[in-house]
Structures are given as structure tokens and as C-alpha cells.
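Have the structure open as you read.

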Amino acid sequence: MNFIARWFPYILSGVSVGGQYALIAIGYTMVYGILRLINFAHGDIFMAAGIMMIYLSAVMPLGGAVLLVLLLTMFLGFSVDRIAYKPLRSAPRMSVMISAIGVSYLIQNTVAYLTGGLTKQFVEIPWISDTVTILGASTKRVTLITPALTIVLVVALVFLINRTKVGMGMRAVSRDFETSLLMGIRINSVISITFIIGSFLAAVGSILYFTNYTGVTYTSGAMPGLKAFVAAVFGGIGSIPGAVVGAFVIGICETLLKGMGLTAFSDAFTFALLVVILVLKPTGLFGENIKEKV
Amino acid sequence: MLEIKDLCVDYGGIHALSGISMTVPDGKIVTMVGSNGAGKSTTLRTISGLVKAKSGSVKADGRELLGLPINKVLEAGIAQVPEGRRVFSNLTVLENLRSGAYLRRDKDGIEEDIRWIYSLFPILKERYWQPAGTLSGGEQQMLAVGRGLMSRPRVLMLDEPSLGLAPLVVQGIFSIIKEINKRGVTILLIEQNANMALKIADYAYVLETGRISIEGPGAALLDDDRVKEAYLGKYRG
């Protein structure tokens with residue numbers, strides 16, 4: 001019992017952090033699945049959602065601000081693809097990747113300019129910021145909401161991908177651009193939808209994530225973005241269940257390490273895990289391994 | 001009717017097609033034979049809109065297709081079964097068929113066509129739930145043809161359906177092509193396997209380095225000495 005009382009709060013918080021990473025990681029893994037591109041700007045889109053939340057909630061009611069943040073972040077993701085990636089569809093992959101790095105810095109610097117480089121205090125969202133007690137552990141309500149919401153969104157997403165026509169289009173495009181075109185699938189629409197979904201999830205993750213932190217600054221997207229990326233690679237990039245599992249593993253391990261008093265090593269652990277997985281199983285836990293006959 | 005006139009296509013400064021003209025009348029099987037690199041695939045890819053033409057025209061019942069986006073060409077009733085089958089290996093057999101009907105909205109018609117394709121290729125019905133990547137080469141080719149038919153095209157263009165398949169399987173595919181044609185689908189067939197293609201073709205074109213060198217009814221070309229020598233192998237003895 002003592003053992004549970006000692007570790008339960010960390011596991012709880014780990015599951016919550018994992019859910020937040022999962023919401024970001026799905027965006028990485030979906031875009032990679034379709035474009036074979038690591039969207040380096042994704043972490044910054046996540047950060048931009050947090051910043052927008054701060055500015056918008058200052059001028060309108062919270063509900064409206066959340067809704068507008070979701071919409072604007074989706075639009076941001078859509079625009080990034082249309083402006084920075086779409087013109088490079090037939091360019092070598094390296095060019096698109098460099099473009100992604102450029103977009104990442106562009107978003108960071110734009111936010112740095114707008115905020116004067118200062119850390120902005122994140123909004124206190126009532127109800128989800130309230131403290132609740134569960135099994136003797138007291139925590140913010142967001143800690144409980146995050147994993148539940150993550151699971152609901154992931155189930156909805158998996159349904160969309162496996163059971164709807166758009167989802168079938170996404171899976172077809174992820175396998176073969178040219179043949180998808182021959183079937184009449186408009187691949188640019190499918191790619192846009194992918195960016196919009198990824199950015200929507202990142203925006204949800206952003207609002208939940210920053211609720212646990214005091215503030216947002218222009219570099220705030222870098223670390224969670226990187227960790228979500230590691231989660232996606234760990235789970236097998238291109239695989240949505242993989243990204244979710246990877247995110248929960250990393251989130252829980254990180255907070256447990258913090259619980260052991262090894263806070264300084266928690267980030268190092270995540271990246272060590274990346275090295276280990278890349279050496280032992282480069283395709284990740286659920287990486288694509290479909291046998292194909294020629 | 002599909003009418004191709006003076007079609008020129010450049011690939012990175014090289015003339016892939018230098019002015020070819022051909023006609024694909026409704027309800028017929030027209031074939032284009034020729035060796036590797038003659039420009040056969042380029043012809044199909046230009047018709048379907050994957051490749052931009054330099055000049056010339058491609059008309060379907062008088063309507064210009066060149067310059068149209070790929071999905072509009074498909075809507076005009078012209079479908080392409082790509083070379084190498086290119087089934088979506090991560091989608092199930094049934095999903096592959098449905099992907100061929102991506103632009104269609106008539107649910108009942110789609111179900112009806114799926115049943116028709118299952119009757120043409122019973123093996124696809126047996127395996128409808130399998131990922132297409134697990135099918136054999138011949139089964140994948142059947143799936144690719146079935147998927148091509150799912151847009152309910154008036155003209156089905158087939159790019160080397162015999163590629164890499166065992167002779168017996170090729171015979172099966174070719175007899176299905178004839179059957180599809182009997183159902184009223186016009187066929188434009190591209191083949192290196194000239195012998196098989198000429199046997200089923202109403203009319204045939206021989207393509208050599210981007211130009212049509214010989215044309216005529218399929219049976220006539222089978223007897224043509226030049227065709228025999230270049231594409232069918234000389235008869236010994």
C-alpha cells in the first residue's frame with residue numbers, strides 16, 4: 001500500500017504527460033506516413049497554439065478562445081503544407097526537410113517577435129485546473145482528462161482512417177501517389193486533411209499541456225515536440241497505435257524517473273531510448289513490416 | 001472513340017513520342033506493341049494525364065483530354081491499369097476495388113460492379129479481406145484490372161498486364177480481357193508480349209522509338225514478316 005501511495009501520483013501524471021505527447025506524436029507519424037517527411041515545424045505549431053490561446057483568451061470568453069485556437073491551428077498546419085511543402089512535392093526529400101526546418105524557425109521567430117521573446121503566462125482554465133483527489137493522490141483535473149480525451153480522439157482517428165472513404169484515400173496515398181492519382185484521388189486534398197488533423201490534435205495537446213506549466217515562450221514547442229517525435233520513432237514512425245504507445249511509455253518513464261529524484265536525467269533517458277530503439281529495431285515497435293510479393 | 005493525333009512528348013529533352021496518331025474505336029480491342037523504351041507506357045500516361053504532352057491532341061468523342069487533370073480524364077470514362085499492377089498492398093482486396101470507384105457516388109452501382117468483378121475473378125471474392133500485398137502476382141494483376149473497372153470506364157487502358165506472370169496465368173488474364181471487351185468496354189492494350197496481344201486485337205500498332213512503324217488488323221500483323229522478325233521471333237526450319 002505504501003508502494004502504491006508512493007508511486008501512484010507519478011504514474012498518474014506520467015499517463016497524462018504521455019497523452020499529451022501522443023496528441024503531438026500522431027501529427028508527426030501521420031505526415032511521415034503520407035509524405036515520408038519529418039515535419040519539423042510540428043512542435044512549433046504546437047507552441048503557436050499555446051501562444052494563440054493566451055492572446056485570444058484575453059479578448060474573448062474561454063470557450064470561444066478554445067474553438068478559435070483549434071480552428072486557427074488547423075489553418076496554420078494547412079498553410080504550412082500549402083506554402084512550404086506542396087511546391088516541393090516532386091523535389092528530393094532533403095529539400096522538403098530543409099523547408100520544414102525553415103518553417104520551424106519562421107514560426108519560432110514570429111512568436112519571439114510578437115511576444116518580445118518573453119514567457120507569457122498561460123491561462124488558468126477553470127474546472128480542468130481544479131485540484132481533485134483520487135486514491136489519496138491529489139492532482140489537477142487535467143491529469144485525468146488528458147488520457148481519457150487522448151483515447152477518445154485516437155479511437156475516432158483510427159475509425160476515420162480504417163472505416164471511411166477519406167481514410168481509405170489517406171492509406172492509398174501513403175502507399176502510392178501515382179496510382180492514387182489514377183484512381184481519381186486528389187492527393188493534395190488528402191495531404192491537407194492529414195495536416196489539419198495533425199494540427200488539431202496538436203492544438204488539443206497544447207491546451208492540455210500548457211495548463212500544467214506556468215508559461216509559454218517561443219521555444220516551448222521544441223522539447224515536447226522532440227519527445228513526441230521520439231515517441232513516434234519508438235512506436236514505429238507511420239504507425240498511429242505505435243505513436244500512442246510510444247508516447248505513453250515515454251511519458252510514464254519520464255515521470256517515474258523524476259519520482260526517483262533523477263529529474264536531471266529524465267530528458268536524457270528519452271533520447272537514450274531513441275538511440276537504443278534505432279540500434280535494436282530501426283522500424284520501431286509497430287513499424288511497417290508488410291511482406292510484399294513482387 | 002479515342003482519337004490520338006500527332007502526339008509529341010518530351011522527357012527531359014529526349015523525344016519520347018514524336019508525333020503518333022492512332023484511333024481506338026468504341027467496343028474494340030486495340031493494342032500497341034513494341035520493345036522496351038519505345039514509348040508505349042508514355043502514350044498511356046499521357047492519355048491519362050500523368051505526363052504532359054508537348055503537342056498534339058487526345059480526344060474522347062471529340063472532347064480534348066490533354067491538359068485535363070487526371071480525375072477529369074477518369075470521369076470522361078478512361079481508366080488506366082498501371083504497369084506492374086501497383087495494387088495498394090496495405091489495403092484489403094475489397095478496399096482496393098473500392099478505391100477504383102473513388103469518384104463514384106452511386107452506392108448500389110458500386111456494389112453491383114463489385115459483384116460483377118467477383119464473378120470475373122472468383123479468387124478475389126475468396127480473398128476479399130486479405131491485404132492485397134499478400135496476393136500472388138497473377139491475383140494482383142486480376143485485382144488491378146478489377147480496380148480499373150470499378151470506375152465503370154468506357155475505355156480501359158492496360159499497361160503490360162502479362163509482365164512477370166507465368167504463361168498460364170497470362171492466358172487467363174487475356175481471356176478475361178476479351179470477356180470484359182464483350183461487355184462493351186473498349187480496350188487499349190499495351191504489350192511486349194506481341195504474340196498474345198495481336199491474337200486478341202482488332203487493330204494493332206507497332207511503336208518504335210516514339211513513332212508508329214506498322215499498323216493494321218491484329219491478325220494481319222501476326223503474319224507480317226517485319227513484325228514476325230522483330231517481335232515474334234523467327235520461325236525455325
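Helix 2 and helix 4 of chain A are roughly parallel to each other, a label for angles under 35 degrees, while over 145 is roughly antiparallel, 65 to 115 roughly perpendicular and the rest oblique. Their axes come within 9 Å and cross at roughly 20 degrees. Axes here are lines fitted to C-alpha atoms, for helices over the stretch in contact, with angles from 0 to 180 degrees between N-to-C directions. Helices are DSSP runs (H or I, at least four residues), numbered from the N terminus.

The crossing of this pair is left-handed (the near helix is turned anticlockwise from the far one by less than a right angle; clockwise would be right-handed). From helix 2 of chain A, D44(A), I45(A), M47(A), A48(A) and I51(A) meet S104(A), I107(A), Q108(A), V111(A) and T115(A) of helix 4; contact requires C-beta atoms, placed from the backbone, within 7 Å. By class, the contact has six nonpolar, three polar and one charged residues (Ala, Val, Leu, Ile, Met, Phe, Trp, Tyr, Cys and Pro are nonpolar, Asp, Glu, Lys and Arg charged, and the others, Gly among them, polar).

## About the model

This is a predicted model, in which local features need pLDDT of at least 70 and side-chain atom pairs count only at pLDDT 80 or more, whereas totals for chains, interfaces and linings use all residues. Residues are numbered from 1 along each chain as its sequence is written, and chains are lettered from A and ligands numbered from 1 in the order in which they are written.

## Helix 2 beside helix 9

Helix 2 (residues 42-57) of chain A also packs against helix 9 (residues 222-235) of chain A, at an angle of about 135 degrees and with axes 8 Å apart. That makes the two helices oblique. Helix 2 of chain A passes helix 9 of chain A in a right-handed crossing.

Here H42(A), G43(A) and F46(A) meet A222(A), P224(A), G225(A) and L226(A).

## Helix 8 and A84(A)

Helix 8 of chain A is mostly covered, with 19 of its 25 residues buried (20 or more other C-beta atoms within 10 Å; 12 or fewer is exposed, in between partly exposed). A84(A), in helix 3 (residues 62-85) of chain A, counts as partly exposed because it has 18 C-beta neighbours inside 10 Å.

## Between the chains

The contact takes 23 residues from chain B and 18 residues from chain A. Helix 3 of chain B gives the most to chain B's side, with four residues.

Definitions and conventions:
Two residues are in contact if their C-beta atoms, placed from the backbone, lie within 7 Å.
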